Amino acid sequence: MGIATDVIKRIKSISRYNQILRVLIKYGFEDLVQYLENNRYYTFFQRLLPDATKKHINQYNKWARMRLVCEELGPTFIKFGQILSNRPDLVPLELTLELEKLQDHVPPMPEKVVKSLVEAELKDTTEHLFAWFEPKPFASASIAQVHKVTLHSGERVALKVQRSGIFDIVVEDIKVMYRVARVLEKRIPTLKSFNPIELVKHFESSILKELDFIHESINAQRFYNNLAKDHSLDQYALAPKVYQEFTTSKVLALEFISGIKISKIAQLKAKQIDTKVIARRLSISYYKQIFEYGFFHADPHPGNLLVLPNNHICYLDFGMMGSILPRDILIFRKLFTAITRKNVKKIIKVLIQLSNDMPIPDMRALEFDVNEFIESYYVKKVHENEMSTILLELKNIIVKHRLKVPVYFFLFARSLVTIEGVIKKLDPNLKQMDIVKPYLQKSIAQDYNPLKIGEKLINSTADVIDFMGDFPRDLKNAIRKINSGEISVDINHKGIDPLVHTLQRVTKQLIAVFVMLALIAGASLFVIFKIEPLWKGISALGILCFSFAIFLGLGMLLNIRKGDYDY
């Protein structure tokens, strides 16, 4: 039985691979097929295409034909294209714009199939689970469709049901993608820089997460919690709550929230809703996600945004979210602050920080491009209200200089373009920079906060102490590896004396720092506990320790200013 199943799977895989090749040929990519298969049978297939089909296909440029290939090959390739559209560092801009148009046209599953899937997942009949189950879905896509249901408690729920068999289809398609990626990487050396296999791995991780509705429910709950914890006066966003008891890996139950789609301007005005107020509130809620929560909605198109009667905005669909580390939130704030101040060196420094301090091959060229970006941005008045313009221009610089910034940077840039398009229709004159400025000012205040400075100093000291503690063991391991022949070292030193001298100076400065910190800590204790003798109610020993610490600090600053070659 197992052998028969393997044979059937193998036949399906070969059949799917052949289908992909035929679709590529249909849309004029026979040169790519030649790389994949040295077989004239596939090119012969092109001759069988009707002239009307060829004429229709020839209307499109190659980027549009790539989009059509994805659409014809179905859900997996549509999702692959959509994910690729978030990676402008890997694909040309023209292709990115085409892939953003990808749509899936799939008829909804019959009621009987949907109910059987729900019952299999939730281990009960729909009649027992729900007071009412709407047979016709109100939303349908290639991965899932959504039905309105009513719980026995009277609560209305949007029940998202995964399409039958979609998981197996995706898994088989990913296998074919790996095969294609391996062949292309082997036969087209220039593609190696794009790392096709790694690209498929990235897609596999993303699509399998999207197919796991538990993952989406966690995203939705996390987003909901962020909004619930924000009690500030400018919190205008909502998210549906998750019904965990009706959620599995293939069924997702979210609170059903009724509202007007944000793109329905006429309906909003008919309900006496001020679109300018909505635009401002949407902008505030989005920048809060970036600069305060560190977790943002990465697909804020009009279909995922509802306006509620109280002028609040509800976010829907949490399959694609972006997460930013606290460290990177601060870096983003510094980046925008440096741009507003036209500080080229600071912008470059921040970009290098985002790239994990990777070496820059041509620093002068990078500095020139950043300077040109700053000068041109402040001349182009047409873009003064668009924050997305900043990121898109920087994206081009990042791609050109091969800076390895985190993936969420491009996700943020794309989502910002989407949400600014929504905002522009609501209020064309809203100045995005005015919304962002308060968050940038928070960053500046945090940088100069004495408590934060003290915390950084303590953390840095702890890191140095940990390093010094680990250093003997690391050195011992390194020597052991050298002695055992695991590491061979070929040293050819030139001008080592200045390096030795610099190391000596750094060591002395580190010792001075430790002594200074000890004096400050001791002085604080003397002052707090009022250790005698006292002078004007303050511990004289504390004053003395503080004085020595200041003296050491000044001496160290003078030593640093001398330079490396002053003894």
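Strand 3 and strand 4 form a hairpin with 5 residues between them. In its turn, glycine 154 has a positive phi of about 95 degrees. The model is predicted: local features need pLDDT of at least 70, side-chain atom pairs count only at pLDDT 80 or more, and totals for chains, interfaces and linings use all residues. Residues are numbered from 1 along each chain as its sequence is written, and side-chain values use heavy atoms, with hydrogens and water left out. Helices (H or I, at least four residues) and strands (E, at least two) are DSSP runs, numbered from the N terminus.

Stay with strand 3, residues 144-150. Strand 4 covers residues 156-162, and the two pair in the antiparallel sense over 7 bridges. Pairing here requires that DSSP finds at least two bridges between two strands. Alanine 144 stands opposite glutamine 162 in strand 4. Strands of a sheet pair through backbone hydrogen bonds, either parallel or antiparallel.

Strand 2 (residues 139-140) is joined to strand 3 by 2 bridges, antiparallel. Alanine 139 stands opposite valine 146. Strand 1 (residues 132-133) runs antiparallel to strand 3 and is joined to it by 2 bridges. There, tryptophan 132 has threonine 150 as its bridge partner. Strand 3 is mostly covered, with 5 of its 7 residues buried. Buried means under 20% relative accessible area, exposed over 50%, and partly exposed in between (1.4 Å probe, protein chains only).

Next comes a helix pair. Helix 10 (residues 166-187) and helix 11 (residues 196-211) have axes that come within 9 Å and cross at roughly 170 degrees. Helix 10 is therefore roughly antiparallel to helix 11. Axes are lines fitted to C-alpha atoms, for helices over the stretch in contact, and angles run from 0 to 180 degrees between N-to-C directions. Angles under 35 degrees count as roughly parallel, over 145 as roughly antiparallel, 65 to 115 as roughly perpendicular and the rest as oblique. Contact means heavy atoms within 4.5 Å. Among the contact residues are Phe167, Ile174 and Tyr178 of helix 10, and Val200, Phe203 and Leu211 of helix 11.

Further along lies an open sheet of 4 strands, in the order 5-10-9-7, with mixed pairing. Its edge strands are strand 5 (237-238) and strand 7 (260-261), each pairing on one side only. Strand 7 pairs with strand 9 (residues 305-307) in the antiparallel sense over 2 bridges. Lysine 261 stands opposite leucine 306. Helix 14 (residues 275-293) lies across strand 5, strand 9 and strand 10 (313-315), at about 45 degrees to strand 10.

Now the interior. A nonpolar core is a set of buried Ala, Val, Leu, Ile, Met, Phe, Trp, Tyr and Cys residues joined through side-chain atoms within 4.5 Å. The largest has 114 residues, of which Tyr315, Phe332 and Leu394 touch the most other members. Helix 19 (residues 407-426) gives the most to this core, with 11 residues. Leaving aside neighbours within four places in sequence, phenylalanine 332 is in contact with Phe291, Ile324, Leu391, Tyr408, Phe409 and Phe412. A second, separate core of 16 residues includes Val118, Phe133, Val161 and Ala253.

Finally, a charged residue. Aspartate 299 is found in the loop between strand 8 (295-297) and strand 9. Aspartate 299 is buried, with a relative accessible area of 19%. Not counting residues up to four places away in sequence, aspartate 299 touches Asn304, Met320 and Arg414.
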